[in-house]
Amino acid sequence: MTITEQSTAARGVAEPRIRRLGVFSQVHGRTGQDIREVYARLLDAIVAADELGVDTFWVGQHHVDPSSGRLPSPFPLLAAAAERTSRIRLGTAIVVLPLEHPLRLAEDAVVTDLLSGGRLELGVGAGGGSEPAYRAFGRDGSSEGRRRAFDAHLSRLLEALEGASLTGEAGGPSLVPAAGDLRDRVWVAAGTVERAAEAGRRGVRLLTGTFSDTPAFQRAKIDAYAEAFAAAGHAEVRRRISAGRFVYTGDSRAAIEDEVREGLAAHQERIRTFAPELGDLTTADYLARVTRYGALPDVVDQLRADVGIADVATDFHAILSLYPAAGDVTPATDVDPRRIAQLVTEIAPALGWTRG
């Protein structure tokens, strides 16, 4: 009996239905690791994921603060990945939209999409940029400032991708090269139920699964998005929901906790400033909150019971690590082809995914 069959029989639940599988990398690497090696290993991982049948590989954009990630400019890397792959889709999760000029972003995205043969998935959001990044770019980093800039930039980005006049004048110039159907492949990361509903009204795709999301909160965002999307009458081709989870397998939950207890304490100290509810949790409580971890059958059961994934998300993207910016504690696990292979052959099939 397979892991999938064992889990289904034990729980007596209907089969989940995940149609597309993704891997996400923060592009972090190890402390002191040469950045060229970080990028080279990431490209090798994308090639491996392509060969294994993964549907999408997502990369995060981070400015200024290397503790969160070390890729400030994702499009050159994705263009390089496109040259070495043939079928896997290449996504940004996310570009920090308030820090971008929307027309320049549109141009970079369109060129990357053309070079990849139409394989770009353009994910944008407001929450990925740190306060120092907003200061460095001379932007308002307050919650209201981020939301205001995001909404304005998203409107301009979508208009440009739709071929609207870039000057606002009738007959004015439009985006060159033209975007084709890239507008249908724009994703928005929503931090609140209200922002998820707004994404639905706009007819963009939805990225969910920040590390501090509970499954119930993620499900609320998904439900609000789906309801608003349907009410707005958008074309069904645009409706996609990708749920993300940190996924980490080991000998047992206790063994993993022992492995990372010391390093996790330092990590929690760093995040206490922006997620105080996570800062004082025990090792076991913290990992249970943000990660699906343990021996393989345990991980499968945790994912199958997750109300923010099964039967509501069309896509699932795994972050193959214990928690954000794991660094030296779980070095480069998101670029480990062995863990990608385990995801493809033993974990994702339990969620109803089959290789296309």
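1. Apart from residues up to four places away in sequence, Asp315 touches Ile18, Arg20, Trp187, Arg240, Ile241, Ser242 and Ala243; contact means heavy atoms within 4.5 Å.

2. As to conventions, this is a predicted model in which local features need pLDDT of at least 70 and side-chain atom pairs count only at pLDDT 80 or more, while totals for chains, interfaces and linings use all residues. Residues are numbered from 1 along each chain as its sequence is written, and side-chain values use heavy atoms, with hydrogens and water left out.

3. The largest nonpolar core holds 73 residues; such a core is a set of buried Ala, Val, Leu, Ile, Met, Phe, Trp, Tyr and Cys residues joined through side-chain atoms within 4.5 Å. Phe57, Val124, Leu154, Leu161 and Phe316 have the most contacts inside this core. Beyond its neighbours within four places in sequence, Phe57 contacts residues including Val23, Leu42, Ile46, Ile88, Leu90 and Ile340, and also Ser25, Arg89 and Asp334. A second, separate core of 22 residues has Tyr248, Ile319, Leu322 and Tyr323 among its members.

4. Salt bridges number 28, under the rule that a side-chain nitrogen of Lys or Arg lies within 4 Å of a carboxyl oxygen of Asp or Glu. One of them joins Arg89 to Glu121, with the closest N and O atoms 2.5 Å apart. Since Arg89 is in strand β3 (residues 89-96) and Glu121 in strand β4 (residues 120-125), the pair ties together parts that are 32 residues apart in sequence. Arg89 is partly exposed at 24% relative accessible area, whereas Glu121 is buried at 2%.

5. Asp113 and Arg185 form a further salt bridge, at 2.8 Å from N to O. Asp113 is in helix α4 (residues 102-115) and Arg185 in the loop between α6 (143-161) and β5 (186-189), so this pair connects parts 72 residues apart in sequence. Both of these residues, Asp113 and Arg185, are buried.

6. Which residues are linked in a network of salt bridges? The network consists of Asp140, Glu144, Arg147 and Arg148. Separately, Arg201 and Glu198 meet in a salt bridge of 3.1 Å, N to O; being three residues apart in helix α7 (residues 193-202), they are separated by about one helical turn. Arg201 is partly exposed, at 45% relative accessible area, and Glu198 is partly exposed at 23%.

7. Ser68 is located in the loop between β2 (56-59) and α3 (74-84). With a relative accessibility of 18%, Ser68 counts as buried. The C-alpha atoms of Ser68 and Gln26 are separated by 7.3 Å, although these residues are 42 apart along the chain.

Technical notes. Buried < 20%, exposed > 50% of the residue type's maximum accessible area, 1.4 Å probe, protein only. Helix = DSSP H or I, 4+ residues; strand = E, 2+ residues; numbered from the N terminus.
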